[in-house]
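Try each task yourself, then follow the solution step by step.

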Amino acid sequence: MKLSQFKFRLPEELVALEPPFRAFENEDGTVEKVYRRDECRMMVVHRKSQTVDLFKKDADGHDTSDFIIFRDIVDYFDEGDVFIFNDTKVFPARLFGTKEKTDAKIEVFLLRELNEELRLWDVLVEPARKIRIGNKLFFDEDGPMVAEVIDNTTSRGRTLRFLYDCPHDEFKRELFALGSAPLPRYIVDHREATPDDMENFQTIYAKNEGAVTAPASGLHFSREILKRMEIRGINFAYITSHCGLGNFDSIEVEDLTKHKMSSEQISIGKTACDVVNTGKQEGHRVCAVGVSTARATETAVGTDGLLKEYEGWTNKFIFPPYDFGMANTMVANFYHPESTMLMTTAAFGGYDIVMEAYSLAVKHGYKFGCYGDAMLLLDD
């Protein structure tokens with residue numbers, strides 16, 4: 001397929017800058033926000049019948065005026081069905097420092113630790129033109145956190161060596177204390193990250209640290225929903241896929257077969273394989289929560305349609321047409337035009353019906369992006 005086939009007009013006001021919330025006015029006149037991650041809207045796409053549901057049904061099966069919300073997801077699944085979650089944990093990757101001598105403000109985005117003993121980190125810097133090998137960056141006027149640029153990796157990429165002499169756990173704790181939630185650029189260009197974002201931009205089941213962006217489709221799940229699913233007899237499998245910034249890389253070729261995805265580290269263990277494969281062999285639904293989960297499981301699925309243990313990396317780029325071998329249902333968000341996440345969603349649900357759903361989403365004011373509304377794709 002072609003890049004231009006995934007272009008559509010997305011009004012700026014439809015990009016969610018924060019999760020769903022309820023606002024309460026205190027006695028002193030201040031407004032307090034209570035975030036409700038599971039109260040976003042949820043559109044349901046039926047990929048076999050090629051139909052889309054936006055509204056809840058009445059007793060006779062007719063549409064009401066009430067939109068389906070994410071909490072309703074439990075009603076679409078039965079005992080024995082399996083949800084595959086990505087339990088990667090986001091760390092506070094965005095830091096701001098100053099360049100020695102000039103005091104120029106520099107944004108440093110931590111990508112991954114290269115060497116624990118030497119305190120080496122792979123990072124992105126902005127503005128990159130001001131940062132050269134040998135420069136030192138200071139991150140806290142009153143503190144000892146200093147880094148030296150020791151290598152160039154890409155146009156914006158650098159290798160930093162942090163000059164901080166202490167046990168590694170203490171170093172990581174101090175480093176992360178200086179950082180903020182790594183919200184996407186389409187959010188931080190409109191507002192600064194807040195302390196609430198480190199909770200909101202994290203799934204409630206996050207466990208294994210390593211992501212520099214959240215597996216956004218998992219952000220909608222609350223503890224209440226997971227408990228209701230557990231009571232219903234739905235089974236959970238957890239894999240790890242450390243979401244990277246490659247998901248946000250712009251595609252610069254019209255022919256999608258020529259686009260190269262950045263690699264992400266994934267880990268799929270025996271316990272997850274056993275849960276998923278048992279559910280699939282018994283004929284139950286297997287739901288991939290998010291594009292990162294779908295990419296990881298498609299990397300590790302065997303020719304027999306069963307999930308295999310896997311430790312390594314994947315740069316799998318999924319776009320239509322593509323025959324999924326693992327999951328038969330999927331939870332997604334509403335993504336930006338020409339994004340790789342939109343392409344994977346269209347590959348799963350079918351290009352025509354997914355793009356029709358996106359048109360309906362714009363028409364009805366659904367919210368887009370990591371804090372936006374959800375889509376449930378069913379195999380019926």
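**Exercise 1.** Find which residues line the largest cavity of this predicted model, and sort that lining into nonpolar, polar and charged residues.

*Solution.* 
- Step 1: Note its volume, which is about 60 Å³.
- Step 2: The lining consists of Pro19, Pro20, Arg37, Asn200, Leu219, His220, Cys370, Tyr371 and Gly372.
- Step 3: Sort these residues. Five are nonpolar, three are polar and one is charged.

**Exercise 2.** Describe the second largest pocket: what is its volume, and which residues are closest to its centre?

*Solution.* 
- Step 1: The volume of the second largest pocket is about 340 Å³.
- Step 2: This pocket is lined by 23 residues, and those closest to the centre are Glu13, Val15, Ala16, Leu17 and Lys367.
- Step 3: By type, the lining of the second largest pocket has 10 nonpolar, four polar and nine charged residues.

**Exercise 3.** Locate Asp72 and decide: is Asp72 buried or exposed?

*Solution.* 
- Step 1: Look in the loop that joins strand 6 (63-67) to strand 7 (82-86); Asp72 lies there.
- Step 2: Asp72 has a relative accessible area of 15%. Buried means under 20%, so Asp72 is buried.
- Step 3: Check the neighbours. Leaving aside residues up to four places away in sequence, Asp72 touches Met42 and Lys56.

Notes:
Residues are numbered from 1 along each chain as its sequence is written. This is a predicted model: local features need pLDDT of at least 70, side-chain atom pairs count only at pLDDT 80 or more; totals for chains, interfaces and linings use all residues. Side-chain values use heavy atoms; hydrogens and water are left out. On a 1 Å grid over the protein atoms alone, a cavity is a set of points where a 1.4 Å probe fits but cannot get out, and a pocket is an open set with protein on both sides within 12 Å along at least five of seven lines; lining residues have an atom within 4 Å of a point. Grid points are joined across faces, edges and corners, and a volume is the space filled by probe spheres set on the points. Ala, Val, Leu, Ile, Met, Phe, Trp, Tyr, Cys and Pro count as nonpolar, Asp, Glu, Lys and Arg as charged, and the others, Gly among them, as polar. Helices (H or I, at least four residues) and strands (E, at least two) are DSSP runs, numbered from the N terminus. Buried means under 20% relative accessible area, exposed over 50%, partly exposed in between (1.4 Å probe, protein chains only). Contact means heavy atoms within 4.5 Å.
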